[in-house]
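I open this notebook to record what I looked up in the structure, entry by entry. The sequence and the coordinates come before the entries.

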2 protein chains.
Amino acid sequence: MKILLLHSHPEPKSFSSYLKDIAVEILQNQGHQVTIKDLYRSNFNPVGGPWDFEELNDPTYFNYLKEQMNAYKNNNFVKELKAEMSTLENADFLLLNFPLWWTSFPAIMKGWFDRVFAFGFAYNPKDKSYNTGMFKGKKAMCCITCGASKEAYSEGGVHGDIIKLLDPIHHQLLYYTGMTVLPPFIAYRAHLSDQATLYKFIEEYKIHLKNIDTLKPIYSPFQI
Amino acid sequence: MKILLLHSHPEPKSFSSYLKDIAVEILQNQGHQVTIKDLYRSNFNPVGGPWDFEELNDPTYFNYLKEQMNAYKNNNFVKELKAEMSTLENADFLLLNFPLWWTSFPAIMKGWFDRVFAFGFAYNPKDKSYNTGMFKGKKAMCCITCGASKEAYSEGGVHGDIIKLLDPIHHQLLYYTGMTVLPPFIAYRAHLSDQATLYKFIEEYKIHLKNIDTLKPIYSPFQI
């Protein structure tokens, strides 16, 4: 498979960044081709706006959806976004590697979706969403480090079930575009874990990665 | 009340921006003091990182949580963040005005939380979260424009109940810091609505705003 690994952590020596390296190693060893997009290192601008387009259809009133659709039809996205879209288009698998900040992606990754998952290119609710989504055939998976414990993120725990918390990302974002969504790998309380626990996470993640072909999806446009 | 109105839309003439103006008018008429933070107009940088701090506690390894706590204790945030924190600290009410992009805030607002809702300043999970949260006494409310219809965002609809979708924001973000969370105002399919429907939204929003003292909270550290 061609894998696009989207990575978002400000510290290259963090555990999250280490998990990114592990993924590259394991996936390449299995014969997959991995493209890494390190959003912090590449200084990605996450703020969607008129600068997404080479030319505006209506310079007097910025309607993001209309401009995205217009740009999709007329190949009018700026070079930076075209490159992202092209890599994504060629990928069979989108691997999202990030620390959980305020229940979701860091802003730099949120903005990658705002800008790259554009109307027309990534979805068209009239006939291309969910089971008929434009990215049908692609798979997606999150690899997450988070601050709280597994207990805190369980049903009845202080934050509730983390799978419910991630549902907007898994269902209304990834699956919405037609992707088959695999169960996430989550390293809980990584920043407070001792070396032995971190090794355990690494070993578990390696197994998770080796099984990506057989993991039972959370959501899929195909029968699951 | 002192109200901080956080606004995030790239088009000043959009319906979302209009709802922001309506809020200012109605709230000021009721005697509230409104401070507007227009994230797009002020060119807010949503990317959290080492540049959040005047000086780093450990320049060899960037640990965001540790640096935030250190900065909180030593008054070490950069001027821009100090100003945001000070406005928030003085506010009784946080009004979030935004279009729903990929199930959540636009990245520019997500990053406001990543950077301003800092460890130490906004929460301390040891003893200051949820019912004992540091922002206990403050209220928060979202005003959202979204692309899909009310039916699509209902239980059994294609996206499911929008209140569930917003739960990470309402519960694990706003209520987590101790805020009392009021029900959101949502303008569905605003971009495809005719003038009459938009007027209806405006009238409904005015009533919503006039009732902010009596609206039944979704979450609150006080008995509800």
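This is a predicted model: local features need pLDDT of at least 70, side-chain atom pairs count only at pLDDT 80 or more; totals for chains, interfaces and linings use all residues.

**Entry: chain A as a whole**

With that cut-off I looked up the contacts in chain A with a separation of 6 or more, and found that residues 24 or more positions apart account for 78% of them. I then listed the secondary structure of chain A, which comes to 7 helices and 6 strands, and reading along the sequence I wrote down the pattern β-α-β-α-α-β-α-β-α-α-β-β-α. For the overall dimensions, I noted that the C-alpha atoms of chain A fill a box of roughly 55 × 40 × 40 Å along the principal axes. The radius of gyration of chain A is 18 Å, which agrees with the value near 17 Å that a compact globule of 224 residues would have. Of those 224 residues, 45% count as buried.

**Entry: helix 1 of chain A**

I checked the span of helix 1 (residues 15-29) of chain A, whose end C-alpha atoms are 21 Å apart, in agreement with the 21 Å that its 15 residues should span at 1.5 Å a residue. Its buried residues are A:Ser16, A:Ser17, A:Leu19, A:Lys20, A:Ala23, A:Val24 and A:Leu27. These residues cover an arc of only 155° around the axis, which puts them on the same side of helix 1 of chain A. I recall here that an α-helix has 3.6 residues a turn, so residues three or four places apart point the same way. Looking for what covers the buried residues of helix 1, I found several elements of chain A, among them strand 1 (2-7), strand 2 (33-38), strand 4 (139-146) and helix 7 (195-210).

A:Asn75 is not a glycine, yet it has a positive phi of about 55°. This residue lies in the loop between helix 2 and helix 3 (79-90) of chain A, and it counts as exposed, with 8 C-beta neighbours inside 10 Å.

A:Thr103 has a phi near 70°, again a positive value in a residue other than glycine. I found A:Thr103 in the loop between strand 3 (93-99) and helix 4 of chain A, where it is buried, with 22 other C-beta atoms within 10 Å.

**Entry: helix 3 of chain B**

Which residues of helix 3 of chain B are buried? I found B:Leu81, B:Glu84 and B:Leu88, and seen down the axis of the helix they fall within an arc of 60°, so they line one face of it. On the other side of helix 3 of chain B, B:Lys79, B:Ser86 and B:Asn90 are exposed. The cover over the buried residues includes strand 1 (2-7), strand 3 (93-99) and helix 4 (107-116) of chain B.

**Entry: B:Tyr130**

I found B:Tyr130 in the loop between helix 4 and strand 4 (139-146) of chain B, and with 18 C-beta neighbours inside 10 Å it counts as partly exposed. Leaving aside residues up to four places away in sequence, B:Tyr130 touches A:Val158, B:Tyr175, B:Tyr176, B:Gly178 and B:Pro221. The C-alpha atoms of B:Tyr130 and B:Pro221 are separated by 6.6 Å, although the two are 91 residues apart along the chain.

**Entry: the contact between the chains**

How many residues does each chain give to the contact? I counted 32 residues from chain A and 33 residues from chain B. On the side of chain A that touches chain B, helix 2 (64-74), helix 4 (107-116) and helix 6 (167-174) each supply at least two residues, and helix 4 gives the most, with 6 residues. The residues of that side divide into 20 nonpolar, 8 polar and 4 charged.

Superposing chain A on chain B takes a rotation of 180° with 0.0 Å of shift along its axis, at an RMSD of 0.0 Å. The two copies are thus related as by a two-fold rotation axis, and in chain A the C-alpha nearest that axis belongs to A:Ala107, 2.5 Å from it. I noted finally that 100% of the interface residues of chain A are also interface residues in chain B, so the copies meet through the same surface.

Note on methods. Residues are numbered from 1 along each chain as its sequence is written. Chains are lettered from A and ligands numbered from 1 in the order in which they are written. Two residues are in contact if their C-beta atoms, placed from the backbone, lie within 7 Å. Helices (H or I, at least four residues) and strands (E, at least two) are DSSP runs, numbered from the N terminus. Ala, Val, Leu, Ile, Met, Phe, Trp, Tyr, Cys and Pro count as nonpolar, Asp, Glu, Lys and Arg as charged, and the others, Gly among them, as polar. Copies are superposed by least squares on the C-alpha atoms of residues with pLDDT of at least 70 in both. A residue is buried if 20 or more other C-beta atoms lie within 10 Å of its own, exposed if 12 or fewer, and partly exposed in between; C-beta atoms are placed from the backbone. The arc is that of the directions from the helix axis to the C-beta atoms. The radius of gyration is taken over C-alpha atoms; the globule rule is 2.2 Å times the number of residues to the power 0.38. The expected span of a helix is 1.5 Å times one less than its number of residues.
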